[in-house]
Amino acid sequence: MAKILLVNPPFYRLLGSHYNANSLGIAYIASYLNKRGHDAWLYNADHVSDKNYCNLKKIFNNFSNYKSYFQESDNALWHEVKDKILSFKPEWVGYTSYTANVSAIKIISEKIRTANPYIKQFVGGVHATLDKNLLNTLTSVDYSIQREGEEAVYALVENTNPKIIPGVISRGKNSLINNGIAPIIKDIDDLPFPERDKMWGIPESERKNVDVSYINTIRGCPYKCTYCASPFHWDRKTTRLRSPESVIEEMKHLKDNYWHTTKYDYSASANISEKESLKIEDNTLVYFVDDVFTVNKKRVKKLLRMMIDQKLEMKWKCEARADHLDDEICELMAEAGCERVKIGFESGSDRILAQVKKLETREEMLVGAKMLKRAGVPFSAYFMTGFPGETDDDVRQTIDFAKKVEADYYSLSVLAPYYGTELYDQLIENGHALDKQPWEYFFHQSPKPMVNDKISTKVLQEYLDLSDLNKKRRGYI
Ligand code: B12
């Protein structure tokens, strides 16, 4: 039996907020290993003992503090994370990677290597999948695992030769050895539910503050929006859906073991301008983290009917596309306890929507928004700006459109072209020096547009100020 610690590196903490939910990627790896006799735990280094979260505007403003952590690898915070990892006495440490947290993984893994060179370290998740040369950056990490990590990590901790495990990248004499992407897990209903109990570094008294009510029902996304990492992180052609029966079983498992009945009024990345901080009671709301929960209309209708017929009475939120909705889905959503649909509108300019291959027009999106309104389902509108070539006129169209959709909540981002996306590759081809930017800048609350100098500061501010509309509405995304 191997002792494995799976780490979600600090991120929101560095921005003056924090993240107290269960990270599903590593939670799936842990339960897969535990079911097979290993001892795998989760350590969320972004968790702090606080129920107050920072609002989105403040997160934007904290960018300069955030940057300074990466200049001070001896900051107490990095030592705290290292010490918590060492206190577990792990044989293996695995990190979940986003582009923005690669620099944090570098600092932490180097400290672990110095403290105990016998601990083996690996990295997986989105950035590890997108960047085949990541081990050249993370020189203290031994293995990088691409795409779905369950089977590869299991083989690794069973001491199979890493040089032959599908999905694993390791070091050869002179170069990296890349065994390619592992075969997909065909039937994702077969996977054990994600780990929700073995949490390292969190006192027992605070365990109920960890939001374990995230559920993943789909692996992949069939769309190919140029700014999104999903088409490359997951293979678009192998999108897999769990059966409604399996999803209902997980919801019941949550209700029986972790559900609270207390009311809550904010979210981990909320954005209310009139409050300094926002509060939530966790585990009162299921978050379906799928890219497009509604991707298959027949399946989603069956799932919603099952929630209603079986009287689950659990509130939930999901991510969807406006063009996937119909009146029946929206009515079923309302009846099945939907508290929030998160819709990625992205832009109000048809020119920009076509450029980023959104495959939707503003008119189509408006139709979807109206259906939600008619059925009384609250929705959050996600917008982006700062696309290459986007002008003040485009942004003004976005602002007008945003007001027209009358969302219950607005989330406003400035584009970060992630490594490995179509957009990143296009920009590099056109001579942008994006590869010279530190990885930690790649997240969408970095306030300055990274690849657009056409949008005026005034119009950008008008766009960001759309969040003021949120104060009239319910306080969470
Ligand atoms: C839910 C979600 C969130 C949640 C929760 C995040 C969390 N820590 O759990 C919130 C809202 C907080 C969030 C925040 C952010 N997110 Co987010 N998020 C998602 C989303 C929608 C689902 C993630 C998920 O749970 N998937 C289900 C699980 C099962 O899949 P998985 O995590 O990919 O894990 C599998 C594999 O990747 C791999 N794996 C994952 N980790 C590890 C670790 C090891 C050791 C191994 C071996 C394998 C492995 O194995 C897992 C099982 O097969 C994804 C999009 C997507 N569909 O993946 C975006 C996504 C991951 N997020 C993204 C981004 C950019 C962010 C932010 C930077 C946004 C921002 N604020 O600017 C922050 C960063 C947060 C952080 N801690 O660093 C991007 C990442 C792109 C990139 N190149 O970095 C994604 C891909 C969205 C996109 N379409 O582009 N996010």
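**Exercise 1. A lysine in a loop**

Between which two helices does the loop that holds Lys-357 lie? Describe the backbone and the exposure of this residue as well.

*Solution.* 
Step 1: Start with the ground rules. This is a predicted model, in which local features need pLDDT of at least 70, side-chain atom pairs count only at pLDDT 80 or more, and totals for chains, interfaces and linings use all residues. Residues are numbered from 1 along each chain as its sequence is written, and side-chain values use heavy atoms, with hydrogens and water left out.
Step 2: Find the place. Lys-357 sits in the loop between helix 13 (350-355) and helix 14 (362-375). Helices (H or I, at least four residues) and strands (E, at least two) are DSSP runs, numbered from the N terminus.
Step 3: Look at the backbone. Lys-357 is not a glycine, yet its phi is positive, about 60°.
Step 4: Judge the exposure. Buried means under 20% relative accessible area, exposed over 50%, and partly exposed in between (1.4 Å probe, protein chains only). With 29% relative accessibility, Lys-357 counts as partly exposed.

**Exercise 2. An arginine to compare**

Is Arg-147 buried or exposed? Say where Arg-147 is, too.

*Solution.* 
Step 1: Arg-147 belongs to the loop between strand 6 (143-145) and helix 8.
Step 2: Arg-147 has a positive phi of about 55°, although it is not a glycine.
Step 3: Its relative accessibility is 16%, so Arg-147 counts as buried.

**Exercise 3. Around the ligand**

Which helix gives the most residues to the shell around the ligand? Work out what else the shell is made of.

*Solution.* 
Step 1: Among the 41 residues around the ligand, Thr-96, Thr-99, Glu-150, Cys-228 and Tyr-418 come nearest. A residue is near a molecule if one of its heavy atoms lies within 4 Å of it.
Step 2: Sort the shell by type: 21 residues are nonpolar, 15 polar and 5 charged. Here Ala, Val, Leu, Ile, Met, Phe, Trp, Tyr, Cys and Pro count as nonpolar, Asp, Glu, Lys and Arg as charged, and the others, Gly among them, as polar.
Step 3: Helix 1 gives the most, with 5 residues. Elements that each supply at least two shell residues include strand 4 (92-97), strand 5 (120-125) and helix 8 (150-157).
Step 4: Check the polar atoms. A polar side-chain atom of Asp-291 is 2.9 Å from a nitrogen atom of the ligand, and one of Arg-219 is 3.1 Å from an oxygen atom of the ligand. Gly-125 uses a polar backbone atom, 3.4 Å from a ligand nitrogen atom.

**Exercise 4. A closer look at helix 1**

How many of the 12 residues of helix 1 are buried?

*Solution.* 
Step 1: Helix 1 is mostly covered, as 10 of its 12 residues are buried. Among them are Leu-24, Ile-26, Tyr-28 and Asn-34.
Step 2: The expected span is 1.5 Å times one less than the number of residues. For the 12 residues of helix 1 this should be 16 Å, and the end C-alpha atoms are 16 Å apart, which agrees.
Step 3: Helix 1 is followed by Gly-37, with a positive phi near 90°.

**Exercise 5. Salt bridges**

Which residue meets Lys-302 in a salt bridge?

*Solution.* 
Step 1: A salt bridge is a side-chain nitrogen of Lys or Arg within 4 Å of a carboxyl oxygen of Asp or Glu. The whole structure has 29 salt bridges.
Step 2: Lys-302 pairs with Glu-245 at 3.0 Å, N to O. Lys-302 is in helix 11 (residues 297-309) and Glu-245 in helix 10 (residues 244-257), so the pair ties together parts that are 57 residues apart in sequence.
Step 3: Lys-302 is partly exposed, at 40% relative accessible area, and Glu-245 is partly exposed at 39%.
Step 4: Lys-342 and Glu-319 form another salt bridge, at 3.8 Å, N to O. This pair links strand 15 with strand 14, with Lys-342 and Glu-319 lying 23 residues apart. Lys-342 is buried, at 10% relative accessible area.
Step 5: Finish with a network: salt bridges link Glu-148, Glu-150, Arg-219 and Arg-240.

How values were computed. Polar contact = N/O pair within 3.5 Å; in protein donor to acceptor, adjacent residues only side chain to side chain.
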